[in-house]
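Hi,

Here is the structure I promised to pass on to you. Please open it beside this email and follow along as you read.

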Amino acid sequence: MTEEEGATGEVPGRSGRPGRPGRSGRPEGPGRSEGPQGPGRPGVALRPARPEDAAAVARIWHAGWSDGHLGHVPGALLAVRTPESFALRAPRRVDDTVVAVVAGEIAGFVMVVDDEVEQVYVAAHHRGTGVAPALLAEAERVVAAKGHRRAWLAVVDGNARARRFYERNGWRDEGLFEYLAASDSGPIRVPCHRYVKPVTSPGAGLPDAGLPATGLPGVIAPE
């Protein structure tokens, strides 16, 4: 990931809380579009992911995860986060995913569960173009639409660039904690920073832009 955009500080698992599916059905609307009138993100369209998007999401996820986590997470976690693991996981998370589309190409994606922003990743050649801020803003909107007043996410301790990105976008570091990354052999403890941000409640001036008022289920966490 880059200092401006890329993977969010996706932590490698679900934060040690009891597992929740974090999914719900939603209509396939036209999505939010950030065109020339959008806030500095020309040409970025956001929409719910579709099954046929899973392969592109998996590629972006694996590349971004590697960029942000190599050298910062235990070797046991690196061993299980193979390209094949992302290819298996991405289709299962379609209902939890919003993608950013630029010129017909998937440029990045975000996943959200309840009040947690789980994953935010941008393809390398789209970093620095405004895709990451658009996805992060959408994740915040989704958390608010679910009725939460505050969003949170986890960033691995050594991922300074992702931490600067969140801080520039109004997120506050609440300090270190251990994120429990899921694996077939049991949870793997990963030192992470917990970032939080107040979010605007639904109906308080948020643009609809064609997405369901209840928000899009599932949008980001580092696993």
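Below is what turned up, one region after another.

This is a predicted model, in which local features need pLDDT of at least 70, side-chain atom pairs count only at pLDDT 80 or more, and totals for chains, interfaces and linings use all residues. Residues are numbered from 1 along each chain as its sequence is written, and side-chain values use heavy atoms, leaving out hydrogens and water.

Let's start with helix α5, residues 160-168. Helices (H or I, at least four residues) and strands (E, at least two) are DSSP runs, numbered from the N terminus. In α5, Ala 162, Arg 163, Phe 165 and Tyr 166 are buried; that means under 20% relative accessible area, with exposed being over 50% and partly exposed in between (1.4 Å probe, protein chains only). Seen down the helix axis, these buried residues fall within an arc of 160°, so they line one face of α5. The arc is taken from the directions from the helix axis to the C-beta atoms.

What do the buried residues of α5 pack against? Their partners are β5 (116-122), α4 (131-145), β6, β7 (172-181) and β8 (188-198), where contact means heavy atoms within 4.5 Å. After α5 comes Gly 170, with a positive phi near 90°.

Two of those strands deserve a look. Strand β6 (residues 150-156) holds Trp 152, which is buried at a relative accessible area of 2%. The C-alpha atoms of Trp 152 and Val 196 are separated by 4.3 Å, although the two residues are 44 residues apart along the chain. Strand β5 contains Gln 119, buried with a relative accessible area of 0%.

Happy exploring!
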